[in-house]
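Here is a short briefing on how one protein chain packs together. Look at the sequence and the structure first, then read the points below.

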Amino acid sequence: MTTQAESMIDRNGQRSTETGSTGGEPFTVIDVARRLGVTDVTIRNWTRRYAGNLSDSAAPAPGSPRTFTPRDVNILAYVAACAADGMTHAQIARRLQDPLA
């Protein structure tokens, strides 16, 4: 049986890069939370935890707005799928570094 997270990895072992973006505009925390069916608090927590995998705009300097690129949304969707599959944060972090782990 294929897990939700595994289905987001293409046959070359790479995470899917499909975006469903509306032209590349940045996404807000609320936009991403709604797309992924989680709370804005969860998105902020994941942004801190997985900052090394996200764009600089996802973890901006204090006072600057937090926005997400389509790539960021894909990464966070992958995190959500891994979490839904019961993976720990450590397992998710390893998967982000090596999708075949």
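The axes of H1 and H2 come within 8 Å and cross at roughly 105 degrees. Axes are lines fitted to C-alpha atoms, for helices over the stretch in contact, and angles run from 0 to 180 degrees between N-to-C directions. H1 and H2 are therefore roughly perpendicular to each other (angles under 35 degrees count as roughly parallel, over 145 as roughly antiparallel, 65 to 115 as roughly perpendicular and the rest as oblique). The model is predicted: local features need pLDDT of at least 70, side-chain atom pairs count only at pLDDT 80 or more, and totals for chains, interfaces and linings use all residues. Residues are numbered from 1 along each chain as its sequence is written, and side-chain values use heavy atoms, with hydrogens and water left out.

**Where H1 meets H2**

- Helices (H or I, at least four residues) are DSSP runs, numbered from the N terminus.
- H1 brings Val29, Ile30, Val32, Ala33 and Leu36 to the contact, and H2 brings Asp40, Ile43 and Arg44 (contact means heavy atoms within 4.5 Å).
- These residues divide into six nonpolar, no polar and two charged.
- Here Ala, Val, Leu, Ile, Met, Phe, Trp, Tyr, Cys and Pro count as nonpolar, Asp, Glu, Lys and Arg as charged, and the others, Gly among them, as polar.

**Helix H3**

- H3 covers residues 70-84, and its 15 residues should span 21 Å at 1.5 Å a residue (the expected span is 1.5 Å times one less than the number of residues).
- The end C-alpha atoms of H3 are 21 Å apart, which agrees.
- H3 is mostly covered, with 12 of its 15 residues buried.
- Buried means under 20% relative accessible area, exposed over 50%, and partly exposed in between (1.4 Å probe, protein chains only).
- Among the buried residues of H3 are Val73, Ile75, Leu76 and Tyr78.
- Which helices do the buried residues of H3 pack against? They pack against H1 (29-36), H2 (40-49) and H4 (89-97).
- Gly86 follows H3, and its phi is positive, near 90 degrees.

**The nonpolar core**

- In soluble globular proteins, nonpolar side chains tend to be buried together.
- The largest nonpolar core has 20 residues (such a core is a set of buried Ala, Val, Leu, Ile, Met, Phe, Trp, Tyr and Cys residues joined through side-chain atoms within 4.5 Å).
- Val32, Ile43, Trp46, Phe68, Leu76, Ile92 and Leu96 have the most contacts inside this core.
- H1, H2, H3 and H4 each give two or more residues to this core.
- H3 gives the most, with seven residues.

**Residues to find**

- Val32 touches Phe27, Ile43, Phe68, Val73 and Leu76, leaving out residues up to four places away in sequence.
- Trp46 lies in H2 and is buried, with a relative accessible area of 9%.
- The C-alpha atoms of Trp46 and Leu76 are separated by 7.6 Å, though the two are 30 residues apart along the chain.
- Ile92 sits in H4 and is buried, with a relative accessible area of 1%.
- Not counting residues up to four places away in sequence, Ile92 touches Tyr50, Val79, Cys82, Ala83 and Met87.

- Asn53 is in the loop between H2 and H3. Is Asn53 buried or exposed? Asn53 is buried, with a relative accessible area of 17%.
- Glu25 lies in the segment before H1 and is partly exposed, at 39% relative accessible area.
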